[in-house]
Amino acid sequence: MEHRHGARSRVNISAIAELNSGGTAPARIVNVSLGGLFLKASPELFSAYSPLRVTYMLRRDNKEVLCRWRGFVVRIASDGVGAMFESADPMEQSALLALLDTAEQKANDR
C-alpha cells in the first residue's frame, strides 16, 4: 500500500515511464510529494512493486533540464500508478527536489 509522507502537490508534467519489461510508455506526472508521485498512464502496462524509472524535462534557470527518477510501483489505479521514490543517487534526489520546487512555484502562481 502507498504511504507517501508529506503533502501532495499537483503538477502536470509530460514524462516517459521506463518499465521493468524494458519498454517505455508515455505518462503525465499529476502529483508529487517527498516520498513519491502519481503517473497518469495506461495502468495495464505496470505491475505492482515493479521497478520504474521516470524521465521528464523541467525548466530551470531558463533552461530545459532532463531529470530522471527511480522508484517502484506501489498502487495501480484505473487512470495510472502511484510510485514511491527509492534512490539514494544525488542526481535523482535533485530531480525529485526540482519537481517539488516546480509544483510549489505552480501553486504560488495561482
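I count two strands as paired if DSSP finds at least two bridges between them. Helices (H or I, at least four residues) and strands (E, at least two) are DSSP runs, numbered from the N terminus. The model is predicted: local features need pLDDT of at least 70, side-chain atom pairs count only at pLDDT 80 or more, and totals for chains, interfaces and linings use all residues. Residues are numbered from 1 along each chain as its sequence is written, and side-chain values use heavy atoms, with hydrogens and water left out.

**Entry: overall fold**

I looked up the secondary structure. The protein has six strands and one helix. Along the sequence they come as β-β-β-β-β-β-α.

Next I checked the size. The radius of gyration is taken over C-alpha atoms, and the globule rule is 2.2 Å times the number of residues to the power 0.38. For 110 residues a compact globule would have a value near 13 Å, and the protein agrees because its own value is 13 Å. The C-alpha trace spans about 35 × 25 × 25 Å along the principal axes.

**Entry: surface, contacts and charge**

I took buried as under 20% relative accessible area, exposed as over 50%, and partly exposed as in between (1.4 Å probe, protein chains only). Of the 110 residues, 44% are buried. Accessible areas come from the Shrake-Rupley method with a 1.4 Å probe; for residues, only the protein chains shown count as cover. The accessible surface is about 6,400 Å², and carbon and sulfur atoms hold 50% of it.

Contact means heavy atoms within 4.5 Å. Among contacts with a separation of 6 or more, 53% join residues 24 or more positions apart.

For charges, Lys and Arg count as positive and Asp and Glu as negative; His and the chain ends are not counted. Each charge is placed at NZ of Lys, CZ of Arg, CG of Asp or CD of Glu. The protein has 14 positive and 12 negative charges, and their mean positions are 4 Å apart.

**Entry: strand pairing around T55**

I followed β4 (residues 51–60) on both pairings. β4 runs antiparallel to β1 (residues 9–18), with four bridges. Which residue of β4 stands opposite I16? I found T55 there.

β4 also pairs with β5 (residues 63–77), antiparallel, over 10 bridges. T55 has R68 as its bridge partner in β5. β4 and β5 make a hairpin with two residues between them. D61 sits in the turn, with a positive phi of about 50 degrees.

**Entry: positive phi**

Most residues other than glycine have a negative phi. I therefore noted the exceptions. N62, in the loop between β4 and β5, is not a glycine but has a positive phi of about 60 degrees. N62 counts as exposed because its relative accessibility is 67%.

Y49 lies in the loop between β3 and β4. Phi of Y49 is positive, near 70 degrees. Is Y49 buried or exposed? Y49 is exposed, at 54% relative accessibility.

**Entry: two serines**

S50 is in the loop between β3 (36–40) and β4. S50 is buried, at 11% relative accessible area. Which residues does S50 contact, leaving aside neighbours within four places in sequence? I found N20, G71, F72 and V73.

S33 belongs to β2 (residues 24–33). S33 has a relative accessible area of 0%, so S33 is buried.
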